[in-house]
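Dear colleague,

Please find below the structure that I am handing over to you, together with its sequence. I would be grateful if you would read the notes that follow with the structure open.

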Amino acid sequence: MASETVESTATADRRSVRGRLGLDGEALRGWATVAPVILLYLFVAVTPIAFAIYASLFEVPLLNPNWTFTGLSNYVEVLTMNSFWSSLWLGALFMVGSTVVQLLVGLWIALVLNQLDRGQRFLTAVAFTAYLVPTVIVVLVALFMFDVEVGVLHIAGSTLGLWGERTFALGDQTWAMPLVVLVGSWKFSIFVTIFTLAQLRAIPDRFYEAAKICGASRWEMFRDITLPRITGVLLIAVLLRAVFMFNKFDIIWMLTEGGPAGATTTLPILAYRTAFLHNDYGVANAMAVVMFVFLALGAYCYFRAFDPTAEVDT
Amino acid sequence: MSTPTETPSETETEGGTRLSYETRDRLYNLALYGSAALFSAVILFPIYWMVQNAFTDSQTVITEFSWLPSPETVTLDNFSVLAAGAVPRYVINTIVVTAGTIVVVVAVSLVAGYGMARFRFRYKQSFAQFLLLGYMFSPIVLGLPLYLIWSEIGLLNAQIGLVIALSSISMPFAVWLMWKYIQTIPESMEESAWIAGASRWRTFWDVVVPQTKPAIVACALFAFAIAWNDFTFAQILLPSQESTTFAPGIMRLIDQGGYTSWGDIMAVSLLMTVPPLLFAYFLQEYLLKGFEVRTR
Amino acid sequence: LGGSGNDDEIHFYTDYSTETWQDRWENDLIPQFEDETDHSVNPEYAGFQGDSEERLMNLIQANDPPDIHVETFYTAADIWAQGMLQPMTDTLEAVEDVNGDINVETFEDEEGVVSQGDTFHVSHGGYTNVLVYREDIYEALGLEVPETWDELVDNAEAIDDSDEFDTARGFATQAGVVGQSRELFWMFLYQNGVDTHRMADGGVEVWVPEDEAIEALEYLTELAQYSPDPSGLNWGTSLEQWVQGRVGQMYHVNGWAAGVAAAEGVDHIAENTAVAPLPRNDIPLEESYMTLPTGNGYMVFEGGTNPAGANEFIEWLYADSVERTASLFEQEPMRLLPAYDDVVTSDAYANLEYFQAWPEHLELNRQIQEEIVPMYGQNTEESPTTGAEQYGLSGYHYADMMNQIIVGDAAIEDALAEAKGQAEERLAEGKELTGGW
Amino acid sequence: MTVHIDNMTRVFDSPNADRIVAVDELSLTIEDGEFLTLVGPSGCGKTTTLRCVAGLDTPTAGTIRVDDRDVTELPPQQRDVALLFQDIALYPHMSVRENMEYGLKIAGVPEDERREHVAEAAALLQIGDQLDKMPASLSGGQQQRVALGRSLVRDPSVFLFDEPMSDLDAKLKRELRPVVQRITDEIGCPVLYVTHDQEEAMTMSDRIAIMDDGELQQAGSPKEVYSEPTNDFVGEFIGQPAMEFFDARVESANGTAAVSMGNHTVSLPATAAELEGYVDSPVRVGVRPQQIGIGDPAAGIEAEHVLDEPLGDETHSIFETEFGDVTVVTHADFDGDGDTDYGLVLDESATQLFDPDSGVRIH
Amino acid sequence: MTVHIDNMTRVFDSPNADRIVAVDELSLTIEDGEFLTLVGPSGCGKTTTLRCVAGLDTPTAGTIRVDDRDVTELPPQQRDVALLFQDIALYPHMSVRENMEYGLKIAGVPEDERREHVAEAAALLQIGDQLDKMPASLSGGQQQRVALGRSLVRDPSVFLFDEPMSDLDAKLKRELRPVVQRITDEIGCPVLYVTHDQEEAMTMSDRIAIMDDGELQQAGSPKEVYSEPTNDFVGEFIGQPAMEFFDARVESANGTAAVSMGNHTVSLPATAAELEGYVDSPVRVGVRPQQIGIGDPAAGIEAEHVLDEPLGDETHSIFETEFGDVTVVTHADFDGDGDTDYGLVLDESATQLFDPDSGVRIH
Ligand SMILES: Nc1ncnc2c1ncn2[C@@H]1O[C@H](COP(=O)(O)OP(=O)(O)OP(=O)(O)O)[C@@H](O)[C@H]1O
Ligand SMILES: Nc1ncnc2c1ncn2[C@@H]1O[C@H](COP(=O)(O)OP(=O)(O)OP(=O)(O)O)[C@@H](O)[C@H]1O
Ligand SMILES: [Mg+2]
Ligand SMILES: [Mg+2]
């Protein structure tokens, strides 16, 4: 009995020491499984971000490999730049507008798809395709459809009197931003749809049946069952969409290059211009860092307010 | 039940204006199918437009507007662009890169997701959060550092280099998805295999992987979307004509000619739209299952 | 192939990169050169907007610049100003020996780019700024080739209003934040009797006299009413609009538009594309600051891996014979006009397959060379061409200004003042980089 | 209120072409206040019947009436029924209280009245202190009580249960049974209770309806179906352990009848006249394991002992005979011995005869 | 082979700081060929014990030996045990055959030999015709058979079951029980069978070990634990319906002892000497519902009839007394009447006395 006790405490100790170091066999194996991810991430995200942050402290003429250390002056420049603040505003507009449209449309499509009993499979495929078509193609098709001579959307819009017969809508200051948001939403709303639809399908029928038995109308069932069941994913989808849209570059650049007259110059566009047209890589990086800080702060507040992870089982 | 007064839910709560059940049902169906028609139209119309113009004589495309294709101008000529010059190369490169990305993403995230779901180790949660933080940095200024790193390690112009880059940006989401999905597979299945004498690795292979199919499809789809879509990374990391992919390639083509043939572009676009459509049509069940994140 | 390669490979970064060019480089010129010498050449193709600059920046930052870079000289002035280019005087001389004297702007003036006795650029061809117009439209509407801005505006209005040419707009007014719109502005300054810079107290200063500039901008704003979406127009898209028959007049270079139309098989436009000197604003020819053609061609990076080989390759291409030089115009024959006197007039040039098929386009090129170019370059004495000035020109501030005014609703005065401010900053920067010159 | 199911049929189209008749011309009446249990093997159509009554499914043919109102085509919202599912279906995103008061909320009952109802029901179900928890943090038994509570606060006009206890363990079942009975008694509406646990059926019901393969086999009081099954299916299904059957032949001598099974004969309480038409024909003899005694081989059906299952107060012993394995309920201390031969003695008065083809009970 | 569990303890660190002692110094030996059942309420540590024996979990202290080999720290792959889970855990992506032969495949048994083994096991389990189906298309009972088959083809050296039948209905359970017994008999290795269904425990086991709260309460043959429980927990847990308890006081007169409960006295078979120390002290009297008779109020504990649960062959009647509700097993035709008063008569010879504090059986 005595020796037993000694032995068992020894085992217990052995375990806890390894445990304390966090390096028992289990933890080692755990880390081994995520090692490839870490490695990849180190290459493709961490190092470049570190590099960018480092570069933000220098004056970097892109057409010359010689950097000059300038401390925080790039940051000062960014924060005193008028165009920075106006782009931040436009960027916020773009982000909020896109996220709201995508959320509503995505949710709506998901709800409809989930209820259909005919043609569901085909329409789902069609909707998903929108998400999978390359951005370049979405842009090219959009440009074609807004073409002033043969563009079908141009003609539709000008017939409705939204814009002039010879106005290129994407080149029009009033229309550029809404249209960029809409074109983006055509593609990205489906992201929300995919998440939501998956979730909707996972709601057991009997939840609805139980509610029907209680006499609940469709609206009440939606309010009391569907909505609470999908809030979790919606919160996550909204966060992801907002982050993605805030950093969105390609679709805006390809559609309008930030124009007309800066009407769609969001922060990423401004940063890109600063880096590659004004050859001011250091300032561009400072801008990216400031954007990152804003975004991280925003995400933090969002988490504090809604805590989307709490809605999803870990 | 037999008289209205006994069914307060019907009359009292909503007042006398409440429509009869049948009418509401009909209105609901009208709204439902109306909605379906509306959004399908919105989604399908650009695709229809793409198809219509891809099959229309390229001169007509830019000069005449018509809602329907007219028989005189229907032609397959635009598709000759698919066989000409660099386009086939771009498309093949895109397929290679996409396939590579899918394979890497699925393999790596499967293993990592398994580790996250099944092993207990410290800082696991922090690790997951750290991955997501990567999404918050605007990617446009990352081109230069990436270029420098890639040229340092000799991965420039190698499709494997692009595959690695694309894989790692797909990673946070893919790992998260796998992690959550594998958590839903009962551990007892693995345990029963261990007891039968199967090693951990063998068990993973025989028992876990086959059951992770939906998540694999979902990750594959996500990777597909990233790779098939990618413009920026390919532009930076695959500068050479031989190795580059569709998106930067087509942009170069448009630039070089100094002239855009909408007909040709619509033809190429159609080609790039068909694989996603097939993907979405045949794998949607798995995909939706894979994306299903269990909420409380 | 592509970006990186072994050490003594000649890394050749070029925007002579249409499919036909690519074919020619890879299947003809490079193999032949490699056969005849020990060198190997690694060509890399650049598009011509944005992308190519980004790629070049990547290469430079990686301390691995290409050996040869092909571009219009002033757009690379910032590179040159920072002392990263290799002198190419000997190469240019060898080329001139074979092809005759160079005739593009930058080499006219000993104090210009050929600074300190050195040349940094061997041109392939030159860009001459012209008014491009549709002969058939002019004929149908009874329009005259405009010589003044008022006539230009009238023509634009007539074309825009005509029902016969429903789809054609009056004048493509480029106002995107890209290269072409700043040049359009300069052209209007030149044709209003002023320049962007001038010599004062032995140095360069920004010189954009307000009245003339505002007048030019007012005309441009007026012209913009007759233009397809100005913000989307740049070198490429304006050609596109042209080929689609959507504009009747525009500012562009050489007969490029005719060439693209021919390449795309839009014959009626290829046939009807004509060029004329850019109209002036009621000033005598002598007061025009219109410059000679701008050279587009080869630069060699000092920091490349094989600058010697690079020069050898350029000499092999251009200093071998007039025939070979002329043959290099088989690809994109209308984009650039040969930069050396003897080439345009040579039989080899006239015998190019393209001109056999399109004799009128040979005529068009000769018209530019023989009629238009001589009208330009009147004020070269007063117009400085220094390192700092070239550097000052390479910024995008005037493009920005054009965009603000024409696309946006900025007041002309304000936007101009701001652009001038930036121009001054940029010039100062240029002076610093080039040591005041 | 009374529920009348008339000639109800529900046919499903199955994907592989053949149609499934889930319910086949079922007619059944549930009187006001009656507790009717529907039992039957898996897949016999119990759930389908229930869903049709609830309005979640619509019969292919036949009608369902509540009193005189035809509700066959009415949506569930308009039927005022309460339905308790086998798999509980509590809303995981609502607290216990919210779950319970959901039906009332929908019906527009004001807040304080709702609270009162819920408190009452919770007290009855002994979950008064769980009201603010989330369902996930309750045990299975507690969840079931909540589900029960959710239905019963509503005071519905028909009460439907679909195997509400099949996920619970025996102890919990025994605990909840009286609760359910008490509550339904109080509400006093017709109750249709589905189960495939015949013990539940026996202990709770006023009447039991036994279904097989979509068809109603018998409906009657627990005692009735236990002691007078209409056919061998019912006989076998009701009672525990299940009734044992022996292939036999009716013999008649001097007006009294007997059955011979193998080389053993059992005389019957019935007269030969009562067995008209079966004399000299094969029949199936059914006896409950409780009614089989153990003696020596000569006295009964020869049997070899296989296994004993002692339950404490009694033992289930399994014997191998020429008719297959036979279970016999023996006394608590019985300890079979594989080496000895036994004889199984059927209690004559308790034997039942069934037609070997149709299965219908003859006597 | 014999399994020895010595002083095994398993402690879990729970997230909210307090440690959970799932198994507390458990010592137990399972002899070769013995069928030992572990029973106990939910959460008492049964599964944890089993997982430690299987190697899926490691004890915090104590050892597990198989014969003389210490396997405490061995991984499951090296233990050669078979384990059947409660939730079956068939691989949904493999056919029945593949599921069953998976263990053999891992062991490197050649294809045809595998087929043979599987065919044999399938025949025994009557699922020979299901081999090429996928598990999802099987019924619960069939799935359970497959799971059983998967374990038994392997001929392991220890057999572990974790509530393998708790998801099945009563009928299926009764059907499968003999199958399991027959199979484990054939393999002849030690069997550790976990259940919380005491009927299963009683009918299948050579020995039953009852656990509560991580601690072993009693281990013995079914009869032993039924008739001689070591404490009131075992008494209540084993036997169905559960033992009834009455608070009482021991009285002694002339050397014979009696207990008085309320105003009713029951004399005891034990002498006062045997109850040394408890005379005049409170005790708990336990009687099984089968040992309680019904008489008139004067003859026994006064009781009011509440409910009858007829089971066909017997009835469970519930009475309300001053000691709370009491269940009594009455005869099949008993039909209580709420208006009459009854008296519950305890069978003196069957009463058991328990210490009211420790719960230990006194006599
Ligand atoms: N929606 C449906 N589509 C097709 N067949 C169905 C459907 N619902 C039930 N069935 C079939 O109808 C038959 C009766 O099913 P039902 O669910 O009513 O049985 P049950 O008696 O409730 O069985 P259990 O005891 O297993 O719950 C079964 O054969 C079943 O497969
Ligand atoms: N991995 C674990 N982490 C923390 N606590 C655990 C873990 N596994 C079991 N426990 C706790 O240990 C105790 C015993 O659990 P165990 O699963 O062995 O019970 P059980 O007797 O099998 O119960 P059941 O009949 O419900 O299956 C419980 O209190 C349980 O909460
Ligand atoms: Mg059912
Ligand atoms: Mg357990």
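This is a predicted model: local features need pLDDT of at least 70, side-chain atom pairs count only at pLDDT 80 or more; totals for chains, interfaces and linings use all residues.

Residues are numbered from 1 along each chain as its sequence is written, chains are lettered from A and ligands numbered from 1 in the order in which they are written, and side-chain values use heavy atoms, with hydrogens and water left out.

Contacts between chains

Eight pairs of chains are in contact, and chains A and B share the most contacts among them; contact here means heavy atoms within 4.5 Å. To this contact chain A contributes 101 residues and chain B 103 residues. The size of an interface is often given as the accessible area lost when the parts come together. Between chain A and chain B the buried area is about 9,300 Å², and carbon and sulfur atoms give 76% of it; buried area is the accessible area (1.4 Å probe) that two parts lose on being put together, summed over both. On the chain A side, Y41(A), L132(A) and F144(A) lose the most area to chain B, together 8% of what that side buries.

Chain C does not touch chain D, and their nearest C-alpha atoms are 52 Å apart. Chain C does not touch chain E either, with 47 Å between their nearest C-alpha atoms.

Domains of chain B

Chain B is assigned domain 1 (18-78) and domain 2 (80-291), with bounds that come from an automatic or database domain assignment. Taken over C-alpha atoms, the centres of the two domains of chain B are separated by 32 Å. Eleven residues of domain 1 and twelve residues of domain 2 of chain B make up the contact. The two domains of chain B bury about 880 Å² between them, 69% of it on carbon and sulfur atoms. Within domain 1 of chain B, the residues that lose the most area to domain 2 are M50(B), I62(B) and N78(B), together 52% of what that side buries.

Ligand 1

The residues around ligand 1 include F12(D), I20(D), A22(D), E163(D) and H196(D); a residue counts as near if one of its heavy atoms lies within 4 Å of the molecule. By class, this shell around ligand 1 has four nonpolar, six polar and two charged residues. Ala, Val, Leu, Ile, Met, Phe, Trp, Tyr, Cys and Pro count as nonpolar, Asp, Glu, Lys and Arg as charged, and the others, Gly among them, as polar. Strand 2 (19-30) and helix 1 (46-54) of chain D each supply at least two residues of the shell, and helix 1 of chain D gives the largest share, three residues. Helices (H or I, at least four residues) and strands (E, at least two) are DSSP runs, numbered from the N terminus.

Oxygen atoms of ligand 1 lie 2.5 Å from a polar side-chain atom of S42(D), 2.8 Å from one of K46(D) and 3.2 Å from a polar backbone atom of C44(D). Taken alone, ligand 1 exposes 630 Å², of which the protein buries 62%; these areas come from the Shrake-Rupley method with a 1.4 Å probe.

Ligand 2

Ligand 2 is surrounded by residues of chain E, including F12(E), I20(E), E163(E) and H196(E). Helix 1 of chain E gives the most to the shell around ligand 2, with three residues. A polar side-chain atom of T48(E) lies 2.5 Å from an oxygen atom of ligand 2, and a polar side-chain atom of K46(E) lies 2.8 Å from an oxygen atom of ligand 2.

With kind regards

Conventions: A polar contact is a pair of N or O atoms within 3.5 Å; within protein, one must be able to donate a hydrogen and the other to accept it, and residues adjacent in sequence count only if both atoms are side-chain atoms.
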